[in-house]
Amino acid sequence: MPWVLSVLGLVILLLAGDALVKGAVNLSLRLGVPALIVSLTIVAFGTSAPELLVSIKAVLDDLPGIALGNVVGSNTANILLVLGVPALLATMHTSECSTRKTFNMMIAASVLFIGLAYRGVFDFWAGFVLLGALAYVLYDMYRDGKEHRRECKNAAAADLEEPEGADPDMPGWRIAVFLVLGLVGLPLGAGLLVDNASMIARAYGVSDTVIGLTLVAIGTSMPELATTVMAALRRQADVALGNVIGSNLFNLLGIIGIASLVGPIRVDPEFLRFDLWVMLGASLLLIPFVYLGRDINRIWGIVLCAVYAGYMAAVLI
């Protein structure tokens with residue numbers, strides 16, 4: 001039964017997160033908030049809402065392994081699995097993408113995160129530092145977005161860049177339904193997933209850290225995987241790569257930043273010895289695609305998936 005309830009909790013989380021994004025985006029646009037700001041804030045935070053609620057629930061239940069494992073495992077899965085699986089279906093022409101700046105930010109955020117982890121706990125001060133870094137990233141993205149639109153000669157084309165979930169014709173009652181479903185479903189799904197994942201950990205004699213790095217992390221990475229598969233099939237490599245890099249940035253800076261304000265998150269020594277370095281190593285695997293102009297073809301897809309399978313085996317053993 002815990003397995004069934006864990007899957008049910010995950011499904012509720014994903015559906016509620018999607019509903020919250022749609023409701024919040026359309027309410028914001030209805031209130032006159034610029035689409036650019038909506039894309040950089042509401043959509044970004046909304047798509048990370050499942051991970052955020054899981055981490056907060058884990059902190060409140062004193063399950064730091066799930067809180068940290070959810071983020072560290074999701075970031076590793078986002079690169080190895082979320083980019084590897086779509087590459088098996090279609091080559092992603094990442095050589096055409098310009099993601100160096102955001103990639104550099106992701107690496108800097110990873111190094112900052114690891115440095116703070118060596119303090120042994122993510123407390124209020126660590127959360128303050130992470131959220132300060134996130135504020136800088138958001139400001140920089142906002143500035144770049146404004147510059148991009150200023151340079152865009154075709155104003156009509158620029159106006160077509162609607163944020164994810166936008167529907168100009170959505171009635172007010174439907175917006176309200178999406179918001180209610182999201183706000184009710186997220187804590188419900190997080191509670192089911194965390195409570196039953198910890199039961200599975202106890203039943204099989206494994207730590208909550210292992211459950212966080214595997215079951216919870218892979219589950220909360222499913223939206224990114226679905227988005228990236230569709231982007232690869234549509235030959236939108238910039239969407240695929242940008243989706244992964246952006247998600248990892250928000251996971252490191254936003255999720256643990258906010259969760260550590262709820263309560264201190266102790267760092268399992270195993271994270272310091274192995275998992276954090278795997279996360280950083282997986283991030284550095286993107287260098288050939290970001291800096292050297294390589295495409296993520298099927299061979300690279302096999303390599304990335306094989307590395308992830310090896311990592312899962314190491315965690316479970």
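Biologist: Is Arg-266 buried, partly exposed or exposed?

Modeller: Arg-266 is partly exposed, with a relative accessible area of 46%; buried means under 20%, exposed over 50%, and partly exposed in between, with a 1.4 Å probe and protein chains only. This is a predicted model, in which local features need pLDDT of at least 70 and side-chain atom pairs count only at pLDDT 80 or more, while totals for chains, interfaces and linings use all residues. Residues are numbered from 1 along each chain as its sequence is written, and side-chain values use heavy atoms, with hydrogens and water left out.

Biologist: Which side chain meets Arg-266 in a salt bridge?

Modeller: That is Asp-62, at 3.1 Å from N to O, where a salt bridge is a side-chain nitrogen of Lys or Arg within 4 Å of a carboxyl oxygen of Asp or Glu. The pair links distant parts of the chain, 204 residues apart, with Asp-62 in the loop between H3 and H4 and Arg-266 in strand E2 (residues 265-266); helices (H or I, at least four residues) and strands (E, at least two) are DSSP runs, numbered from the N terminus.

Biologist: What about the phi of Asp-62?

Modeller: Asp-62 has a positive phi of about 55 degrees, although it is not a glycine. Most residues other than glycine have a negative phi.

Biologist: Switching topic, which residue pairs with Lys-57, and how far apart are the closest N and O atoms?

Modeller: Asp-195 does, at 3.8 Å. Lys-57, Asp-61 and Asp-195 are linked in a network of salt bridges.
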